[in-house]
Amino acid sequence: MFGLTRKRVHELIDVAAVEAAIAAAERRTSGEIRVSVAPWFWGSVDRAAEAAFVRLGMNQTRARNGVLFFVVPSRQTFLVRGDTAIHERVGQAFWDELVAAMSAHFRRGEFTQGLVLGVAAAGEQLATHFPYDAAADKNELPDDVDIS
């Protein structure tokens, strides 16, 4: 998978299905969910995920309730990052369980299913702790899948 192209990413992941899952989850919460797919890069996955978190504005949401799914298919790895407010409410155990559930799908090559499951689970927690408020809520970040 070295040198993974954008076309190959679209073959591995049904981007439209993931974007629909993000939109559905965000209809119930003031939280923000983003998925970023890094086809390939040099260096630390953890640092790259943190850079994507900042680049995508995940740390700039009004309520600090953004969740980023950072996927690196060429390295067969991914990370899930929650901003401070959502992390304080759900704790590390939630993220660990979420990663385990997604990993089961990813090991079978079911990247779309894993991401849709992850987005839905994060959306449930965001809706519980940061419910949608029609009077005050606005979509602070795009719902599209970032491929960088």
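This is a predicted model: local features need pLDDT of at least 70, side-chain atom pairs count only at pLDDT 80 or more; totals for chains, interfaces and linings use all residues.

Colleague: What is the strand order in the open sheet?

Modeller: The open sheet has four strands in the order 3-2-1-4, and the pairing is mixed. Strand 3 and strand 4 (146-147) are the edge strands, each pairing on one side only.

Colleague: And which helix packs on the sheet?

Modeller: Helix 2 packs on the sheet, where it touches strand 1 and strand 4. The direction of helix 2 makes about 165° with that of strand 1.

Colleague: Turning to strand 2, how many of its residues are buried?

Modeller: Seven of the seven residues in strand 2 (residues 66-72) are buried.

Colleague: Which residues lie on each side of strand 2?

Modeller: Gly66, Leu68, Phe70 and Val72 are on one side, while Val67, Phe69 and Val71 are on the other. Both faces of strand 2 are covered. In general, side chains in a regular strand alternate between the two faces of the sheet.

Colleague: Do strand 1 and strand 2 run parallel or antiparallel?

Modeller: Strand 1 (residues 32-37) and strand 2 run parallel, joined by six bridges. Glu32 stands opposite Gly66, and Val37 has Val71 as its bridge partner.

Colleague: What about the pairing of strand 2 with strand 3?

Modeller: Strand 2 and strand 3 (residues 77-82) run antiparallel and are joined by six bridges. One of the partner pairs is Val67 with Gly82. The two strands form a hairpin with four residues between them, and Gln76 in the turn has a positive phi of about 55°.

Colleague: A change of topic: how many residues are in the largest nonpolar core?

Modeller: The largest nonpolar core has 32 residues, and Ile13, Val35, Phe69 and Leu115 have the most contacts inside it. Among the elements that give two or more residues to this core are helix 1 (6-12), strand 2 and helix 5 (111-129). Helix 4 supplies the largest share, eight residues.

Colleague: Which residues does Ile13 touch?

Modeller: Leaving aside residues up to four places away in sequence, Ile13 touches Val18, Val37, Phe111, Thr112 and Leu115. Another core, of 13 residues, lies apart from the largest one and includes Val45, Phe53, Leu68 and Val72.

How values were computed:
Residues are numbered from 1 along each chain as its sequence is written. Side-chain values use heavy atoms; hydrogens and water are left out. Buried means under 20% relative accessible area, exposed over 50%, partly exposed in between (1.4 Å probe, protein chains only). Two strands pair if DSSP finds at least two bridges between them. A nonpolar core is a set of buried Ala, Val, Leu, Ile, Met, Phe, Trp, Tyr and Cys residues joined through side-chain atoms within 4.5 Å. Contact means heavy atoms within 4.5 Å. Axes are lines fitted to C-alpha atoms, for helices over the stretch in contact, and angles run from 0 to 180 degrees between N-to-C directions.
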